[in-house]
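Open the model in a viewer and keep the sequence panel beside it. The stops below are given in the order in which to select them.

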Amino acid sequence: MTPPYKLPLQKSEPVPYPDEKQFIDVHTHHPWNYPHIFSIRNYVDRIEIETSRQLKTAISVGVHPWKCKPGEEEKFLELVKQASTLPHVLAIGECGIDLKIETPIEFQEKVFLQQALLADEIKKPLIIHCVKAYQQFSQLLQKQKPGVPWIFHGFNNTLQLAEELTGNGAYLSVGFDLLKENSKIRAAFYHLPIDQLFFETDEMQQPVWKLYAEAAKIFRISEKDLKKHVFENFERCFMRAESNIRSKQ
Ligand SMILES: [Zn+2]
């Protein structure tokens, strides 16, 4: 095993990392630029991933099921693999399984599993896109026993399913469905384990602090306490990568 000190970070490549006072937006497609927000911007286009080397801000890279047809996966996965060890790439994803698209599920699962293995290897969490495939993911979680956290993004489902996933060590990232009066996530939210939660803006143009405000109200805690919980969740999930461990020393 290579000890971490044999791979020193370049001084010009600091790992982007939040502080306790910031709002963490774990999955977004927007270039948010507020000092009190720390966001992980998602890159799933080939061109985007190719040009992502130049960036300094936190991103995640992955092969999204919408973006990859059979026959295209090898090159795409290689691109993700190359980018994955960059210090500002904090997670792999979004990747996953989407049963609403025509791409065969076996193919989607294969491409997902390759990324799950990569994430395990480089010790960075996975950000998961899951549409109508929670049953598959529940089984995969039990079968794969991943060594890094799996973060289900845009989670809007029942408490039972939330408990099944979090019971197997997964994290849930909650988006703007939380603000919808009759959404499943709103009904379940109060009972979710606060130590396995994140918030995200995804495609929404509204900033993530709106979700913190609502969530703090539902949990009946202060926004400051909620920030602390989410920050601790971040530390638990994202500190495993060697580059992050080194940067905090
Ligand atoms: Zn997204």
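Select Phe23 first: it is buried, because 24 other C-beta atoms lie within 10 Å. Buried here means that 20 or more other C-beta atoms lie within 10 Å of the residue's own, exposed means 12 or fewer, and partly exposed is in between, with C-beta atoms placed from the backbone. This is a predicted model, in which local features need pLDDT of at least 70 and side-chain atom pairs count only at pLDDT 80 or more, while totals for chains, interfaces and linings use all residues. Residues are numbered from 1 along each chain as its sequence is written.

Phe23 lies in strand S1, residues 23-28. Helices (H or I, at least four residues) and strands (E, at least two) are DSSP runs, numbered from the N terminus. Now show what surrounds Phe23. Apart from neighbours within four places in sequence, Phe23 is in contact with His36, Ile37, Val208, Trp209, Tyr212 and Lys227; contact means that the C-beta atoms, placed from the backbone, lie within 7 Å. Draw a C-alpha to C-alpha distance from Phe23 to His36: the two are 13 residues apart in sequence and 6.2 Å apart in space.

For a contrast, go to Asn33, in the loop between S1 and strand S2 (37-43). Is Asn33 buried or exposed? Asn33 is exposed, as 8 other C-beta atoms lie within 10 Å. From Asn33 to Lys67 the separation is 34 residues in sequence and 27 Å in space, C-alpha to C-alpha.

Next, the strands. Select S4, residues 89-98, where nine of the 10 residues are buried. On one side, S4 pairs with strand S3 (residues 59-61) in the parallel sense over three bridges; strands count as paired if DSSP finds at least two bridges between them.

From S4 the chain crosses through helix H3 (residues 105-122) to S5, in a right-handed β-α-β crossover. Right-handed means that, with the strands pointing away from the viewer, the path from the first strand over the helix to the second runs clockwise.

Stay on S5. Five of its six residues are buried, so S5 is largely enclosed by the rest of the structure. S5 is joined to strand S6 (residues 150-152) by three bridges, and the two run parallel. Leu126 has Trp150 as its bridge partner in S6. S5, helix H4 and S6 form a right-handed β-α-β unit.

Which residues of H3 are buried? They are Gln108, Val111, Phe112, Gln115, Ala116 and Ala119. Look down the axis of H3: the buried residues fall within an arc of 145°, so they line one face of the helix. The arc is that of the directions from the helix axis to the C-beta atoms. What covers these residues includes helix H2 (73-84), S4, S5 and H4 (134-144). Just after H3, Lys123 takes a positive phi of about 60°.

The last helix to select is H8, residues 223-238, whose 16 residues should span 22 Å at 1.5 Å a residue; the end C-alpha atoms are 22 Å apart, which agrees. Its buried residues are Leu226, Lys227, Val230, Asn233, Phe234, Cys237 and Phe238. Down the axis of H8, they fall within an arc of 125°, so they line one face of the helix. Lys224 and Asp225 are exposed on the face of H8 turned away from the buried side. Lys227 is also among the contacts of Phe23.

Finally, zoom out to the protein chain, which has nine helices and eight strands. Its C-alpha atoms fill a box of roughly 45 × 45 × 35 Å along the principal axes. Of the 249 residues, 39% are buried.

Note on methods. Contact = placed C-beta atoms within 7 Å. Expected span 1.5 Å × (residues − 1).
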